[in-house]
Amino acid sequence: MNKTITIDQIKAAAEEAYQLYRNNTAGKNADYIPYLANIDKNLFGISICLLDGRTIEFGDTQYKFGIESVSKVHTAILVIRQSGTDELLNKIGADATGLPFNSIFAILLEKDHPSTPLVNAGAITACSMIQPVGDADKKWEAIVSNITELCGSAPQLIDELYQSESATNFNNRSISWLLKNYNRMYDDPDKSLDLYTRQCSLGITAQQLAICGATIANKGLNPVSKLQVFDAGASSKITSLIATVGFYEHTGDWLYTSGIPAKTGVGGGVMGTLPGLFGIAAFAPPIDDAGNSVKAQLAIKYIMNKLELSVFSGDKVTITG
Ligand SMILES: NC(=O)CC[C@H](N)C(=O)O
């Protein structure tokens, strides 16, 4: 079916979502990383980036929060940029684990590959694959510059978050060495984990994530900077990864109820990408038991349902105005 929606309708839906959920107090800040426990729990922002580069903003969309697991998408893209979509599939995989993001059990179950770059195990393997292998400083530069290109502006390391997470990431240390045991680390395990921890500690805004979501929705062309960040052909692969496991063990429920592939982080961010239409991000620190922001989920779901959009609808949608 052909369908037209106006920018005013999108703005109205986003504003309604913002007003509806701004005083919602469900969920709890992540507290297994001490820094995150102390972030103002009332922060809330919604940002949408259209494919002509215009953005729609409500609330705290310029606040820099910890990107956390949303960064797994960026670094999966970097692996694809450097090594191609086949190498990502062969060395990491593109399967849902159906288990929590930091599951060790998932690694034991799938011994031949870490399943997906969008859970901790696969993301640490992804960091080990970043080139040039053996040069942590250059790898870090590549990770940051890739995020900068995808988001249209640079992220900023939140040093306190990095220290806080480095001092408490015992589970991830086990994951890193377990991967080494199964020959799924392609660089030093401790250095690869450190890169992963640092990328998770980057401060990012909802607006920057909306622009990244729009870049993915726009076949790799950043609609704000106009830079072709990755090959157009990789876009559907990246979206498939996000759709498959973006909400970990709740991914099916998420897709069923929201209709948009999206990736979450325990810092409270959610980044969605609707192919050919827009990128959307919402941020609010309190998360549910799977580590997904409660208010960000409610807001994005509301907007998608209000506009009657879904990646599965088959509708040919045009945005006007
Ligand atoms: N789901 C997340 O955002 C988790 C990211 C966090 N850095 C961790 O490894 O535990």
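I began with Lys306, which counts as partly exposed at 46% relative accessibility. For this I call a residue buried under 20% relative accessible area, exposed over 50% and partly exposed in between, with a 1.4 Å probe and protein chains only. The model is predicted, so I noted the limits: local features need pLDDT of at least 70, side-chain atom pairs count only at pLDDT 80 or more, and totals for chains, interfaces and linings use all residues. Residues are numbered from 1 along each chain as its sequence is written, and side-chain values use heavy atoms, with hydrogens and water left out.

What does Lys306 form a salt bridge with? The partner is Glu16, and the closest N and O atoms are 3.3 Å apart. My rule for a salt bridge is a side-chain nitrogen of Lys or Arg within 4 Å of a carboxyl oxygen of Asp or Glu. This pair links distant parts of the chain: Lys306 is in helix α14 and Glu16 in helix α1, 290 residues apart. Helices (H or I, at least four residues) and strands (E, at least two) are DSSP runs, numbered from the N terminus. Glu16 is partly exposed, at 29% relative accessible area.

Next I looked up Glu149 and Arg81, whose side chains meet in a salt bridge at 2.8 Å, N to O. This pair also links distant parts of the chain, with Glu149 in helix α7 and Arg81 in helix α3 (residues 71-83), 68 residues apart. Glu149 is partly exposed at 26%, and Arg81 is partly exposed at 35%.

Then I turned to Glu87 and Lys91. Their salt bridge has its closest N and O atoms 2.6 Å apart. Glu87 and Lys91 are four residues apart in helix α4, so about one helical turn separates them. Glu87 is partly exposed at 27% relative accessibility, and Lys91 is partly exposed at 25%. The count by this rule is seven salt bridges.

**Aromatic rings**

How many aromatic pairs are there? I get eight. Rings of Phe, Tyr and Trp (its six-membered ring) pair if their centres lie within 6.5 Å; planes under 30 degrees apart count as stacked, over 60 as edge-to-face and the rest as tilted. Tyr32 and Phe101 have ring centres 6.4 Å apart and planes at 35°, so this pair is tilted. Tyr32 is in the loop between α1 (7-21) and α2 (34-37), Phe101 in the loop between α4 (85-91) and α5, and 69 residues separate them. Tyr32 is partly exposed at 41% relative accessibility, whereas Phe101 is buried at 11%.

Phe65 and Phe283 came next. Their ring centres are 4.0 Å apart and their planes at 5°, so the pair is stacked. Phe65 is in strand β4 (residues 65-66) and Phe283 in strand β9 (residues 278-283), 218 residues apart. Phe65 and Phe283 are buried.

I also found one aromatic cluster, formed by Tyr18, Phe44 and Phe58. Lys295 lies over the face of Phe44, 5.2 Å from the ring centre. For a charge over a ring, NZ of Lys or CZ of Arg must be within 6 Å of the ring centre and within 35 degrees of the ring normal. The charged end of Arg198 sits over the ring of Trp140, 4.7 Å from its centre.

**Backbone checks**

Which residues does a cis peptide bond join? I found Gln131 and Pro132, with omega about 0°. Pro132 is in the loop between α6 (120-129) and α7 (136-151).

Tyr248 is not a glycine, yet its phi is positive, near 55°. I located Tyr248 in the loop between α12 (235-245) and α13 (251-258). Is Tyr248 buried or exposed? Tyr248 is buried, with a relative accessible area of 5%.

Glu308 also has a positive phi, about 55°, without being a glycine. Glu308 lies in the loop between α14 (294-306) and β10 (316-320). At 58% relative accessibility, Glu308 is exposed.

**The whole chain**

I ended with the overall picture. The protein has 14 helices and 10 strands. Of its 321 residues, 56% count as buried. The C-alpha trace spans about 55 × 40 × 35 Å along its principal axes.
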